[in-house]
Amino acid sequence: MKSAKNGRDGRSRIVDGALRRFSQDGVSATTLASLRDESGVSVGSFYHHFASKEHVFGVLYAETLDMYQSAFITELRRHEDARDGIEAIVALHMSWCGEHRERAHLLISERPPKRDEPGGTEVSDSRRAFFRQVSDWWRPHMKAGLLQPVHPTMCYVLWLGPAMEMCRLWFAGAHQPTPEEIAGLCEAAWQGLRRHPG
């Protein structure tokens, strides 16, 4: 008879194994058999914890997004100055992606689960709360004439689009970003989002 601890260990092994396989092969190319092989669990143990490969992906994506967004909001709230906040988030994004490379690769390369798919409700609710918290930080700077009034999607693209593209090159082994380049990404984000006079 399995203990509760062993049950949790089995679930953790499946999630950790899925992260490795999804990062290396992509979700669509990963088979259920390869997930079980990677995690070293039996068929019965797998289905005790998850209903499908898509279920594992949904849980993993939602968990990873929550990790990233928590780090983002924690860092953003440390900065009262508009420029400091904008630039600090770009630097945070690059360092987080370097420290959590497999998870970052998942967020960058895979389509998030839709609301009716496993993990989709959690992802949707998490994003809504996340954008509300970012807006709470943004609004006073916008009213003070320091930041542009931009739609959340456009804000995200201007803020982190170039950094995301740099990470894609980085993860593909095409380029290792330098501190000077990361500083340039921070500067570019500020220039793209600040309110220009006139």
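Okay, let's begin with the second largest pocket: its lining has 13 nonpolar, one polar and one charged residues. Here Ala, Val, Leu, Ile, Met, Phe, Trp, Tyr, Cys and Pro count as nonpolar, Asp, Glu, Lys and Arg as charged, and the others, Gly among them, as polar. Quick note: this is a predicted model, where local features need pLDDT of at least 70 and side-chain atom pairs pLDDT 80 or more, while totals for chains, interfaces and linings use all residues. Residues are numbered from 1 along each chain, and side-chain values use heavy atoms, without hydrogens and water.

So who sits around that pocket? Val134, Ser135, Trp138, Pro152 and Cys155 lie nearest its centre, out of 15 lining residues. (A pocket is an open set of points on a 1 Å grid where a 1.4 Å probe fits, with protein on both sides within 12 Å along at least five of seven lines; lining residues have an atom within 4 Å of a point.) H7 gives the largest share of the lining, seven residues. Helices are DSSP runs of H or I, at least four residues, numbered from the N terminus.

Now the largest pocket, at about 360 Å³, the space filled by probe spheres set on the points, which are joined across faces, edges and corners. Closest to its centre, among 20 lining residues, are Tyr61, Leu65, Arg127, Tyr156 and Met164.

Last, H5 (82-99) and H6 (101-109): they pack at about 115 degrees, axes 5 Å apart. Axes are lines fitted to C-alpha atoms over the stretch in contact, and angles run from 0 to 180 degrees between N-to-C directions.

Key
Helix = DSSP H or I, 4+ residues; strand = E, 2+ residues; numbered from the N terminus.
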